[in-house]
Every structure is written in structure tokens, then in C-alpha cells.
Amino acid sequence: GPSWTVPLGRRDSLDANVPEANSDLPGPTSSRTDLEDAFRKKNLTTVDMVALSGAHTIGQAQCGTFKDRIYNETNIDTTFATSLRPNCPRSNGDNNLANLDTTTANTFDNVYYTNLMSQKGLLHSDQVLFNNDTTDNTVRNFASNPAAFSSAFTTAMIKMGNIAPKTGTQGQIRLSCSRVNS
């Protein structure tokens with residue numbers, strides 16, 4: 001996948017606040033408008049949103065986050081939906097996992113966008129990016145041009161890394177990212 005320079009010396013919080021950390025995250029059933037609104041609140045553009053969604057080219061989701069999609073939505077490839085159902089039965093199995101990108105699950109690439117164009121987005125919030133709407137052309141561009149995706153993803157990651165940094169005496173520069181300095 002792409003790489004970029006991460007500035008050193010960013011200040012981190014002194015405590016964890018799970019509700020605050022999750023307060024602005026769009027959910028797996030978000031509409032395109034909901035996604036755009038959430039990203040806009042962080043001064044990220046629609047192109048940034050589509051590029052950052054491409055991170056779903058790796059990783060997994062729990063069945064409970066997409067079960068309604070594979071049983072009830074119509075903008076999904078029927079063979080794709082059918083292939084997911086044995087692992088995600090209508091009842092139970094909500095914690096079972098499925099790859100977000102079922103084509104190249106362990107490779108950071110632009111196949112996520114090709115999947116969307118084939119109605120094989122795992123999450124509702126993925127598929128709304130290619131559903132006869134304003135983001136379709138960006139998805140097409142990223143699907144056909146890996147360099148455009150990589151460049152846009154890098155730009156968006158840098159922008160995201162600069163959202164509301166702590167300054168002055170707020171927080172601390174950690175010696176180890178995973179824990180508060182002692």
C-alpha cells in the first residue's frame with residue numbers, strides 16, 4: 001500500500017474516552033449523505049471519504065454489521081450474498097467474521113472499488129459509494145487507476161492525521177504510543 005511521512009511529536013490524550021472516540025464515527029449502515037456529513041464535520045472532502053473508505057480493502061467485519069444487507073438489500077450481487085449466508089445465518093452468528101474485501105483480502109489495493117462496481121460491497125456504507133449517485137465517478141476512477149487511489153488515500157490520511165491536534169500543555173508526547181508516560 002501507499003506510504004507517507006508521519007510527523008513526530010504529536011500530543012496524545014492522557015486518558016481514554018471511548019464514547020468521545022466513537023462519537024463521530026459513521027456506522028456500517030450509514031447512507032452516503034450521512035457519510036459525507038460525518039467527513040465534512042472533520043473538514044474532509046467527498047473524495048477524501050471515498051479514498052479513506054478504500055481502507056476496507058483489508059480487514060474484517062462482524063456479521064451483525066452486514067447481516068441485514070445480505071438478506072434484505074437489492075443492490076447486492078445475489079451470488080455474493082448467497083456465499084456469505086452460511087457463515088452469517090439469519091439468527092445467531094453475529095460475531096462471525098467476513099473479509100471486507102473478499103477478492104484480495106490480505107492485499108492493500110484498489111480491488112475494493114472494483115467490488116463496489118460489481119455490487120460486492122460488504123457493508124451498506126461501502127455499497128452506497130457506488131449506487132447511481134454522486135460518488136460513482138470517484139469509485140470508477142479509483143477502480144481503474146491504482147495510482148489515483150494511492151495518491152488520494154495518502155492525501156486523505158495526512159489530512160485525517162491533522163484533525164484537531166492537541167497543542168501547548170494538552171496531553172503528552174508519548175515515549176511508547178500504547179501507554180501514557182509514567
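Proline 26 sits in the loop that runs between α1 and α2. In this predicted model, the residue is partly exposed, with a relative accessible area of 34%. An unreviewed UniProt entry lists Pro26 under "binding site".

**Proline 26**
- Proline 26 is in contact with Leu35, Ala38 and Phe39, when neighbours within four places in sequence are left aside.
- Leu35, Ala38 and Phe39 also belong to the buried residues of α2.
- Proline 26 itself counts as partly exposed because its relative accessible area, 34%, lies between the limits of 20% for buried and 50% for exposed.

**Helix α2**
- The buried residues of α2 are Arg32, Leu35, Glu36, Ala38 and Phe39.
- Viewed down the helix axis, the buried residues of α2 fall within an arc of 165 degrees, so they line one face of the helix.
- An α-helix has 3.6 residues a turn, so residues three or four places apart point the same way.
- The cover over the buried residues of α2 includes α3 and α7.

**Largest pocket**
- The largest pocket has a volume of about 1700 Å³.
- Its lining is made up of 48 residues, and those closest to the pocket centre are Arg10, Ala21, Leu25, Met160 and Ile163.
- By residue type, the lining of the largest pocket divides into 27 nonpolar, eleven polar and ten charged residues.
- At least two lining residues come from each of α1 (18–22), α2 (32–40), α3 (46–53), α7 (124–127) and α9 (146–161).
- The largest share of the lining, five residues, is supplied by α9.

**Overall fold**
- The secondary structure of the protein comprises nine helices and two strands.
- In sequence order, these elements follow the pattern α-α-α-β-α-α-β-α-α-α-α.
- The C-alpha trace spans about 55 × 40 × 30 Å along its principal axes.
- The protein has 182 residues, of which 35% count as buried.
- Taking contacts between residues at least 6 apart in sequence, 70% join residues at least 24 apart.

Technical notes:
Residues numbered from 1 in each chain as written. Predicted model: local features only at pLDDT ≥ 70, side-chain atom pairs only at ≥ 80, totals over all residues. Heavy atoms only, no water. 1 Å grid on protein atoms, 1.4 Å probe; cavity = no way out; pocket = protein on both sides within 12 Å on 5 of 7 lines; lining within 4 Å. Points joined across faces, edges and corners; volume = space filled by probe spheres on them. Helix = DSSP H or I, 4+ residues; strand = E, 2+ residues; numbered from the N terminus. Nonpolar A, V, L, I, M, F, W, Y, C, P; charged D, E, K, R; others polar. UniProt positions renumbered as here; feature names shortened; annotations may be inferred. Buried < 20%, exposed > 50% of the residue type's maximum accessible area, 1.4 Å probe, protein only. Contact = heavy atoms within 4.5 Å. Arc of directions from axis to C-beta.
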